[in-house]
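Subject: Structure for your review

Dear colleague,

Please find below the structure that I am handing over to you. My findings follow directly after it.

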Amino acid sequence: MNGNLEIDLYEARHVGGRLATVTIGNNTYEAGGSIIHPRNMYMQKFVKLLGLDHVTSDEEKIGIWNGDEFVFKDSGCTIVSFIQLFYRYGFQVFKLKRDVNDVITNFEKIYELQDAGKYFANITALISAVNEEFPKWLQIPMKDHLLHMGYTDRLIDELAEAIVVVNYGQDTDIQSFVGLVSLAAVGSELWAVKGGNKEVPENLIYRNKNVNVVRSRVTKIRYTADNSDSQQYEVTHMNEDNTDPMTAKYDIVIIAAPLTSDQEFPIEFVNFPEGLEFPGRYQTTHATFVKADIKPEYFGLQKSLDSIFSCNPTKTIISSVSRMVSGSNKDSSPVWKLFSRKPLEMKLIHEMFSNVTEMRTFVWKAYPHYLSNTLHNSFKLHDALYHVNAIEWIASAMEMSAISGRNVAILAYNDFLQKHGLMQHKEIPKDIPKTRLDEL
């Protein structure tokens, strides 16, 4: 403490993880985490703090497709489209909007709790603090929960399914909380960061003089502490050439990466008194960018829509296809982004598009494969070993990572003070002081 904090940040590839951009032609597009909700307070504050700019989503014509027909097709007129939704789903359209808004309002309590210095050792405690009913939602499939709330099979199997498929690549058998969060990620006020959402973590890290970025991947964390050694964790890391492993010792280790066995860079945990296991897996999403002209007739259309969401990806193969918008998109053909659960064959690409001039694919372990039970619960894995990504098993989003990062920072700070007896010093209050976002 006392200004002597030193942080080594190990990064195998690039800062930002699943935030990335792709350049096609003269334009740049989001290839990873793409959208931010207007009520995501931390992302809003980061952008303001760093002097970055917003890019808002344009109004677009969307359709929900089941592989045979469009169950909903946007007319291009807001009023007419809403009437169409009302005609198909009735008053439940209003109820869904209200229920999702209630979830957001409840979860926003976390900001006040964190400003007051509150912290949580596990995700169940965190989610209970904002609403005592939310932990139950982690154990109930989304469809069952929505049926219990009075929603019809039609709305769930079409509207809710399409939104969950495009946002999480999964179906309405996912746990209910993440399902409701996914429904919030729809609307005209969604935004992104100019230059790419990766600008936020990159600027937060590279502008911090206390952070030393180490271009290396961690392969092993060993517990080495005895009564005389406060530096109780030995981290083994390796450069890209996979030669000459190196080690360093630390008082505190914070892991900001998934730990399931299906990850590209697994980490071995050695000498821990209790076994550290990380069951489950991450959902694979293929993001394919195609510079081409779409064939509306493939979808049974006379004129193309801006975005097509599938409510039956098993049949349609694709989860979604969306026309990408850029400030200088004056090329002969637009760029389209397709999400799918598996690789797309070139035969299918040419059935859907003509004049294909460029194609790029990114394969992401994008988010947890959500079952109706919580597999990873602890932010605190050991004495001073923490895991930011535990929060992804509630829901995966940029804002969720920011919330978890702040929770772990407050938790680690509090643990450090208690361990070293600093809580007893008069100059350090027993309660964690209120913290400002620009001090973290």
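A salt bridge is taken here as a side-chain nitrogen of Lys or Arg within 4 Å of a carboxyl oxygen of Asp or Glu. By this rule the count comes to 19 salt bridges. Please bear in mind that the model is a predicted one.

Salt bridges

One of the salt bridges joins the side chains of Asp115 and Arg406, with 2.8 Å from N to O. Asp115 belongs to helix 4 (residues 109-115) and Arg406 to helix 13 (residues 398-419), so this pair ties together parts that are 291 residues apart in sequence.

Arg341 is found in the loop between strand 17 (335-340) and helix 12 (346-352), and Asp171 in the loop between helix 8 and helix 9 (176-184), so the pair ties together parts that are 170 residues apart in sequence. Arg341 is partly exposed, with a relative accessible area of 27%, and Asp171 is partly exposed at 26%.

Helix 13 also contributes Asp415, which lies in that helix, while Lys380 lies in strand 19 (residues 380-382); the pair thus ties together parts that are 35 residues apart in sequence. The side chains of Asp415 and Lys380 meet in a salt bridge of 3.1 Å, N to O. Asp415 is buried, because its relative accessible area is 14% and buried means under 20%. Lys380, with a relative accessible area of 31%, is partly exposed.

Nonpolar cores

Which residues have the most contacts inside the largest nonpolar core? They are Phe177, Ile221, Phe289 and Leu385, in a core of 99 residues. Helix 8 (residues 153-168) supplies the largest share of this core, namely nine residues. Another core lies apart from it and has 18 residues, among them Phe299, Val321, Trp336 and Leu344.

Strand 14 and its partners

Strand 14 (residues 282-294) is mostly covered, as 12 of its 13 residues are buried. Strand 14 and strand 18 run antiparallel and are joined by 12 bridges; within this pairing, Ala287 has Phe362 of strand 18 as its bridge partner. Strand 14 also pairs with strand 17, again in the antiparallel sense, over six bridges. There, Thr288 stands opposite Leu338 of strand 17. As a general point, side chains in a regular strand alternate between the two faces of the sheet.

Aromatic pairs

A pair of aromatic rings is described by the distance of the centres and the angle of the planes. Aromatic pairs in this model number 25. One of them is formed by Phe86 and Phe94, an edge-to-face pair with 6.0 Å centre to centre and 65° between the planes. Phe86 has a relative accessible area of 31% and is partly exposed; Phe94, at 40% relative accessibility, likewise counts as partly exposed.

Why is the pair of Tyr168 and Tyr370 edge-to-face? The ring centres are 5.6 Å apart and the planes stand at 85°, and planes over 60 degrees apart count as edge-to-face. This pair links distant parts of the chain, with Tyr168 in helix 8 and Tyr370 in the loop between strand 18 (353-368) and strand 19, 202 residues apart. Both Tyr168 and Tyr370 are buried. Elsewhere, Tyr223, Tyr233, Phe269, Phe272 and Phe278 form one aromatic cluster.

A nonpolar surface patch

With kind regards

Definitions and conventions. Residues are numbered from 1 along each chain as its sequence is written. This is a predicted model: local features need pLDDT of at least 70, side-chain atom pairs count only at pLDDT 80 or more; totals for chains, interfaces and linings use all residues. Side-chain values use heavy atoms; hydrogens and water are left out. A nonpolar core is a set of buried Ala, Val, Leu, Ile, Met, Phe, Trp, Tyr and Cys residues joined through side-chain atoms within 4.5 Å. Buried means under 20% relative accessible area, exposed over 50%, partly exposed in between (1.4 Å probe, protein chains only). Helices (H or I, at least four residues) and strands (E, at least two) are DSSP runs, numbered from the N terminus. Rings of Phe, Tyr and Trp (its six-membered ring) pair if their centres lie within 6.5 Å; planes under 30 degrees apart count as stacked, over 60 as edge-to-face and the rest as tilted. Two strands pair if DSSP finds at least two bridges between them.
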